[in-house]
Amino acid sequence: MNKSDLIKQLAEDKNLTPEEASDFVNIFFDSMREALLAGKRVEIRGFGSFKIKEYKGYVGRNPKTGEKVEVKPKKLPFFKVGKNLKDFVNS
């Protein structure tokens, strides 16, 4: 399922116009992005939680040339699955 499928399903299930459903989905994802950018954790009970993990820089190696390469620090979104979702998928 992609974003447009989600919008279509929401519009059908809740008797909304596609524009209204699109607004809801966009507001939801924008709110999550803003919270993560602000360093907050986003938790959806029964589904999972999202947070930003920070990774320090380090010196790596180019596997082709063997040359040392500096890898810059970075931030990546991280998702941890909730117990209810995990149990649902495994049942």
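**Exercise 1.** Find which side chain meets glutamate 43 in a salt bridge of 3.0 Å, N to O.

*Solution.* Start with the rule: a salt bridge is a side-chain nitrogen of Lys or Arg within 4 Å of a carboxyl oxygen of Asp or Glu. The side chain of arginine 41 meets glutamate 43 at 3.0 Å, N to O. Next, arginine 45 forms a salt bridge with glutamate 43 at 3.2 Å, N to O.

The model is predicted: local features need pLDDT of at least 70, side-chain atom pairs count only at pLDDT 80 or more, and totals for chains, interfaces and linings use all residues. Residues are numbered from 1 along each chain as its sequence is written, and side-chain values use heavy atoms, with hydrogens and water left out.

**Exercise 2.** Classify glutamate 43 and arginine 45: exposed or partly exposed?

*Solution.* Take the cut-offs: buried is under 20% relative accessible area, exposed is over 50%, and partly exposed is in between (1.4 Å probe, protein chains only). Glutamate 43 has 39%, so it is partly exposed. Arginine 45 has 74%, so it is exposed.

**Exercise 3.** Locate the salt bridge between lysine 83 and aspartate 87.

*Solution.* Their side chains meet at 2.7 Å, N to O. Both residues lie in helix α3 (residues 83-89). Helices here are DSSP runs of H or I, at least four residues, numbered from the N terminus. Lysine 83 is exposed at 59% relative accessible area. Aspartate 87 is partly exposed at 38%.

Terms used. Helices (H or I, at least four residues) and strands (E, at least two) are DSSP runs, numbered from the N terminus.
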